[in-house]
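Me: I'd like to learn how to read a structure like this one. Could you walk me through a few features?

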Amino acid sequence: MLTAQAIDKRRSKGETVNAPATGQLPVVVIGAGPVGLAAAAHLVERGLEPLVLEAGPSAGTAVRGWAHVRLFSPWAEVIDPAAEKLLAPAGWVRPDSAAYPTGGDWAERYLQPLADVLGGKVRYGATVTGVARAGRDRVVDADRDEQPFTVHIELADGREERISARAVIDASGTWSMPGPMGADGLPALGEKAAASRVSYRVPDLRDPAVRARYAGKRTAVVGSGASAFTALAHLADLAEEEPGTHAAWVLRRGIGANTFGGGEADQLPARGALGLRAKAAVEAGHASAVTGFRTQAVERDGDRLVLVAEDGRRLDPVDEVIVLTGFRADLSFLSEVRLGLDERLQAPTALAPLIDPNVHSCGTVPPHGVNELAHPEQDMYLVGMKSYGRAPTFLALTGYEQVRSIVAALAGDREAAERVELTLPETGVCGGAGRYDDPEAAQVAEGGGCCGAPATVQIGVGMPNAASGGC
């Protein structure tokens, strides 16, 4: 298969080269994570040619970045059906469906074997630096939809290539773009200067060097989601062994009935248990909650840091800061394609109202597939975590369903593409993110609110009940 670069090179030598018809080109999938590899499996199942471009050296590079963190969902809920069909002839042994994998387990026991089966359809060390229509920037209309995509990549050795594609499925995720400490969505003043004492990942306290960084220290944990719960639980365990270890949990909102998630009522039991562990850390004195604190600045106090809120409050000095305020999509390499994105969430415009955390809660996501994920640029799709933009409620099976629908559409099976079914559990998070200034909205009466809804929300038709999975 000739790349766009190879075609140009041969033409520059005076050779006559006919570029392949668009329909004969591969579908480029950006990212060899769970959803990207699932997309490749569905493409193979449909008889279409995938080419997966992974910036890292192995499958699931981003997942390996949180290898020590355990998923909320068991194996049964994080394996794509088309991927399993592809793995079976290779002698792959399915892990215990009821067991809960860590990120490392997921990568080593499922993602890497799947990538190995795909073989040469996956390229590692290939960072996508741009996507465009061949010979057309984003301004040009003429014959736009008839042109193949050109995907620019940079290889690990610094060389550059261009690859022609009939369609592009961007499953690159959001791991590379963590949210900042500043409450206004921008880095707090002094945040960058304090970078040596600030981390944007859940620490792996099994690593002696990382453990030493937090043992016997006072650490500020900024964030209110599952990652913050995980960090608090890990630091509480460390505090049991290392006197003087303490966490200051910095929340932008107050503590309400749903602050710690759904607890025992959560339909993802591991997630509910995690919230209860965070609550136990506070009650045991290993962590102290600082509420309504919206960080504006980070100041130095000798070798320690002081967080300053917008209202002038100052946190007692800390040794380290762990910022877990979510992630964002990297859209920089998509500047020459026409995307239709919601101005708030940076999710596809048709999908955004269905997942908007200012309105929705408890994970009740209506069915969505190719129609909700379409952009003005035909055959260009954002999927997985990236499709949710800044919404925090993505689940793995949602991504698997997205790519099943998209690939069906690319294969010309519109009926299958539009037959989207999804079953989601209650998340246990009852308050919309946009309502944290309302004390009444932060409280949910016993038996009321969305957490009093049925345990499982059935969305769509034609699919048996099955728990949704995620990480």
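This is a predicted model: local features need pLDDT of at least 70, side-chain atom pairs count only at pLDDT 80 or more; totals for chains, interfaces and linings use all residues.

Me: At what angle do the axes of α2 and α11 cross?

Reply: Roughly 35°, and the axes come within 9 Å. From α2 (residues 34-45), the contact uses P34, V35, A38, A39, H42 and L43. On the α11 side you'll find G399, Y400, V403, R404, V407 and L410.

Me: How should I think about nonpolar cores?

Reply: The general idea is that in soluble globular proteins, nonpolar side chains tend to be buried together. Here, the largest nonpolar core has 79 residues, and L37, W106, Y110 and L410 touch the most other members. Helix α11, residues 396-410, gives the most to this core, with nine residues. Apart from it lies another core of 19 residues, including I30, A126, F149 and A165.

Me: Which residues is L410 in contact with, leaving aside neighbours within four places in sequence?

Reply: V27, L43, L48, R166, A167, I169, D379 and Y381.

Me: D379 is on that list. Where is D379 found?

Reply: In the loop between α10 (370-373) and β15 (380-382). D379 has a relative accessible area of 22%, so it counts as partly exposed.

Me: And how do I read backbone phi?

Reply: Most residues other than glycine have a negative phi. D379 has a positive one, near 65°. D143 also has a positive phi, near 55°.

Me: Where does D143 lie, and why does D143 count as partly exposed?

Reply: D143 sits in the loop between β4 and β5. It counts as partly exposed because its relative accessibility is 49%, and the exposed class needs over 50%.

Me: What about a charged residue such as R136: is R136 buried or exposed?

Reply: R136 is buried, yet it has no salt bridge. The nearest side chain of opposite charge is D143, 4.3 Å away, whereas a salt bridge has to be within 4 Å. R136 lies in the loop between β4 (126-133) and β5 (149-155). Not counting residues up to four places away in sequence, R136 touches A142, D143, R144 and Q147.

Me: Now for the whole chain. How many helices and strands does the protein chain have?

Reply: Twelve helices and 17 strands. The chain has 471 residues, and 50% of them count as buried. For contacts between residues at least 6 apart in sequence, 71% join residues at least 24 apart.

Notes
Residues are numbered from 1 along each chain as its sequence is written. Side-chain values use heavy atoms; hydrogens and water are left out. Helices (H or I, at least four residues) and strands (E, at least two) are DSSP runs, numbered from the N terminus. Buried means under 20% relative accessible area, exposed over 50%, partly exposed in between (1.4 Å probe, protein chains only). Lys and Arg count as positive and Asp and Glu as negative; His and the chain ends are not counted. Contact means heavy atoms within 4.5 Å. A nonpolar core is a set of buried Ala, Val, Leu, Ile, Met, Phe, Trp, Tyr and Cys residues joined through side-chain atoms within 4.5 Å. Axes are lines fitted to C-alpha atoms, for helices over the stretch in contact, and angles run from 0 to 180 degrees between N-to-C directions.
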